[in-house]
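Colleague: Please show me the model, and then I will ask about its parts.

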Amino acid sequence: MSAARKVTRRPGAEGGTADVFPELVAHVRKNRTRLREEWAHRITEADMLTVMTEEEIATETTSIYDNYVNVLETGDVEAMEAYARNLSERIIPRGVETDEVIGIVLLLRDVLLRSLLEQSQCRLDLLSRMLDAFEPAARRITVTVAAGFVHERERIIRQQQDAIRELSTPVLPVREGLLILPIVGVIDPQRARQLTQQLLRGIRANRAKVVVIDITGVPSINSTVANHLVLTVEAARLLGAAAIVTGLSPEIAQTLVTIGVDLSKMNTVCDLREGIEEADRTLGFRVTRMDDSIDQEKGR
Amino acid sequence: MQVPILKQGPYLIASVQAALRDADLIALRNALTEQVGTYRSRGVIVDVTAMDVLDSFACRTLSEIASMIRLRGAQTVIVGIQPEVAFSMVQLGLKLEGVATVLDLEEGLKYMERRTKRMDHGRYGK
């Protein structure tokens with residue numbers, strides 16, 4: 001923001017800028033409604049912000065316009081920065097793209113410039129002084145908004161990455177000797193590695209005999225990850241635990257066969273339920289419904 | 001370093017205490033195949049808890065031990081492979097195929113009991 005302040009008192013402007021500035025702000029403020037409407041109209045015309053309704057565009061453009069004028073007047077972009085961040089937070093989840101955001105700010109600059117052109121009535125010296133005053137501030141605002149938007153985006157991405165890493169892979173003890181490893185989401189090699197290590201530690205800590213690896217939530221798989229899965233199953237066997245892989249989707253089954261991963265040693269069943277039943281059989285558990293057993297006892 | 005071989009009822013327990021040189025592995029193999037006959041043991045448990053690396057030679061020797069012991073009429077189980085060791089083994093393609101492995105000595109003894117009980121059922125007079 002110090003740079004923006006400097007803009008208003010740039011030595012090269014020779015005092016001319018300072019005179020023009022109030023005039024400029026007054027002009028922009030006076031024609032607020034007309035210019036804002038023109039701007040909103042041009043946004044719709046350019047097919048931008050299509051995810052937002054007419055009223056929303058009206059509200060947002062009013063706020064942006066006021067902020068814009070405020071920055072022109074005070075040279076202080078802090079409020080604009082905060083507003084840009086806030087706006088990004090609201091519109092990013094709705095799928096507004098970077099080019100749209102930069103586009104609308106540039107459109108506003110365009111609208112204001114045109115109005116300044118009219119205002120100067122082709123007096124070149126006045127126009128030049130107005131441009132000297134307006135342009136750096138406008139550029140500064142564009143950069144602020146774009147940077148705010150991109151920062152917000154990056155912050156969301158980072159946040160999501162952290163979340164994915166954290167919720168990565170719980171190893172769940174279900175019964176004595178039975179672990180379930182539900183895998184959700186895309187597996188990359190790094191995650192696959194982490195997953196295997198967690199599973200092996202879990203097997204030792206819980207003294208598991210059977211592990212059910214459920215990959216219902218995995219949308220796709222490549223050969224590296226598939227081979228890693230095979231390795232995981234082998235490693236589990238070395239620790240004395242049999243692995244059952246459940247929930248292979250038709251797509252994954254096709255991929256695995258097409259890329260020729262050898263799954264002959266893997267015990268695969270269709271879904272998690274089947275997997276747990278299979279595990280119970282291996283471990284010697286039998287699950288019965290309470291009512292049935294009571295009925296049977298009564299019957300005796 | 002020599003591996004102590006303990007006789008525990010009908011089983012032999014070979015408890016590896018430190019990293020083994022190739023010659024020690026061969027000595028272990030010879031001693032086990034010898035003693036399984038001497039003591040008329042039903043099973044052999046090889047405990048590798050203390051080994052922090054199992055290379056290709058070690059894996060091959062363990063597979064050999066298992067095959068030889070089977071020919072001598074007993075079962076073999078490898079116990080106590082560490083998670084990290086297991087993972088690096090499979091990454092190197094060493095899978096100890098055809099050899100039973102369980103978590104630790106306790107599980108190994110249970111495994112042996114199950115296996116030998118099954119064998120006993122098939123014997124005459126029992």
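This is a predicted model: local features need pLDDT of at least 70, side-chain atom pairs count only at pLDDT 80 or more; totals for chains, interfaces and linings use all residues.

Modeller: Residues are numbered from 1 along each chain as its sequence is written, and chains are lettered from A and ligands numbered from 1 in the order in which they are written.

Colleague: Which strands stand at the edges of the sheet in chain B?

Modeller: Strands (E, at least two residues) and helices (H or I, at least four) are DSSP runs, numbered from the N terminus. Two strands pair if DSSP finds at least two bridges between them. The open sheet of chain B has five strands in the order β1-β2-β3-β4-β5, with mixed pairing. Two strands there have a single partner each, so one side of each lacks a neighbour in the sheet: β1 (5-8) and β5.

Colleague: At about what angle does helix α1 of chain B run to β2(B)?

Modeller: Angles run from 0 to 180 degrees between N-to-C directions, with axes fitted as lines to C-alpha atoms, for helices over the stretch in contact (C-beta atoms, placed from the backbone, within 7 Å). Helix α1 (residues 22-38) of chain B lies across β1, β2 and β3 (43-47), and its angle to β2(B) is about 165°.

Colleague: Which element gives the largest share of the side of chain B that touches chain A?

Modeller: The contact takes 13 residues from each of chain B and chain A. On the chain B side, α3 (83-91) and β5 (100-102) give two or more residues. The largest share, six residues, comes from α3(B).

Note on methods
Two residues are in contact if their C-beta atoms, placed from the backbone, lie within 7 Å.
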